[in-house]
Amino acid sequence: MIKDGAYFHEPFTEDLVRLFFMDKIIYEGKTKYQQIHIFSSKVFGKMLFLDKKIQSAQVDEYIFHECLVHPAMLLHPEPRKVLILGGGEGATLREALRHPAVNRAVMVDIDRELVDLCRQHLPEWSKGAFDDPRARLYFQDARRFVEKTREHFDVVISDLTEPLEGGPSVYLFTREFFSRIADILTDDGIFVLQAGSADPFYHCFLASCARTLKEVFPIVRPYWTFIFSFSLPWGYVLASKKFDPLGLNAREISERFRERQLDHLGYLYPQLYPSIFVLPRYLLAGLRKGEVLTDEKPFIWKA
């Protein structure tokens, strides 16, 4: 049992550990699927950790979630049906529902207890999104949902935890799973996922996600931003059947921000949008070394 005024240890890898001073412990416990820690920090505000891995912090969760959601949503000319995989805090759902064309947003999370705890202790993340009449919540395994559903979606957003050894996400980043995602997308559908660190040393997961998606989708665009609470640049990958984010010109980007009333976002704005797709040389080189992930040979992150 951890106590107020102690340090929380986050094992990023076997070679790197971060320490966070905890002003107040809000919740500590374990669900059927994962260990949960919620505490407050003077620097980061409220923080959520799953299996001792940071998920988001109050000071900058909007940066992570705006970058995850809006590049794909803005790229689609009229996203009406959205599927969110994971996203227990409700912030991904919150951002997707900002788009006025959305009339159905389905969120699938395996851990009902986690969602309930986030609603109770982290309401600043969801800001009422769970109660929006357009939202539908399903508590089940994301892969099972994707394999069984008969619905088709304009945008699918993967806000899943990284594939930790023994965790619930190991088989949610494979070619077989991505192929099924493509099946449930509309003909002009777009898929986006958070893909872990984009730093100079630990970007192998990002590279392998991008490489695997190229086996399934004709257009694949990795992108990145810096997340203060992660102490790292963070990677995402957008995969599309039809639309290329690099094909939008400045006027089109500005018009979509304005039409969808997104001028008040805390991080993204029209001039920044194209820049997140500009990658440094080390990432461009690293992406060429990505491996194709399969059910037989998935990526397993060992802390």
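**Reading rings, strands and a helix**

Biologist: Phe8 and Phe49: buried or exposed?

Modeller: Both are buried. Buried means under 20% relative accessible area, exposed over 50%, partly exposed in between (1.4 Å probe, protein chains only). The model is predicted, with local features needing pLDDT of at least 70 and side-chain atom pairs pLDDT 80 or more, while totals for chains, interfaces and linings use all residues. Numbering runs from 1 along each chain as its sequence is written, and side-chain values use heavy atoms, without hydrogens or water.

Biologist: How do I read an aromatic pair?

Modeller: Two values describe it: the distance of the ring centres and the angle of the planes. Rings of Phe, Tyr and Trp (its six-membered ring) pair if their centres lie within 6.5 Å; planes under 30 degrees apart are stacked, over 60 edge-to-face, the rest tilted. This rule gives 20 aromatic pairs here. Phe8 and Phe49 have centres 4.5 Å apart and planes at 50 degrees, so they are tilted. The pair links distant parts of the chain, 41 residues apart: Phe8 is in strand β1 (residues 7-13), Phe49 in strand β5 (residues 45-50). For Phe173 and Phe205 the centres are 5.0 Å apart and the planes at 75 degrees, so this pair is edge-to-face. Phe173 sits in the loop between β10 (153-159) and α6 (175-184), and Phe205 in helix α7 (residues 204-213), 32 residues apart. Phe173 and Phe205 are buried.

Biologist: Which residues form one aromatic cluster with Phe64?

Modeller: Tyr223, Phe230, Trp234, Tyr236, Tyr273 and Phe277.

Biologist: How are the helix and strand labels set?

Modeller: They are DSSP runs, numbered from the N terminus: helices are H or I, at least four residues; strands are E, at least two. Two strands pair if DSSP finds at least two bridges between them.

Biologist: Which strands pair with β5?

Modeller: Strand β4 (residues 35-41) pairs antiparallel with β5 over six bridges. Phe39 has Met47 in β5 as its bridge partner. A hairpin of three residues joins β4 to β5. Strand β6 (residues 53-57) also runs antiparallel to β5, joined by four bridges. Leu50 bridges to Lys53 in β6. Two residues separate β5 and β6 in their hairpin, and Asp51 in the turn has a positive phi of about 50 degrees. Five of the six residues of β5 are buried.

Biologist: Where does α1 kink?

Modeller: At Val69, by about 30 degrees, shortly before the proline Pro71. The bend at a residue is the angle between axes fitted to the seven residues ending there and the seven starting there. In α1 (residues 61-75), 14 of 15 residues are buried.

Key: Expected span 1.5 Å × (residues − 1).
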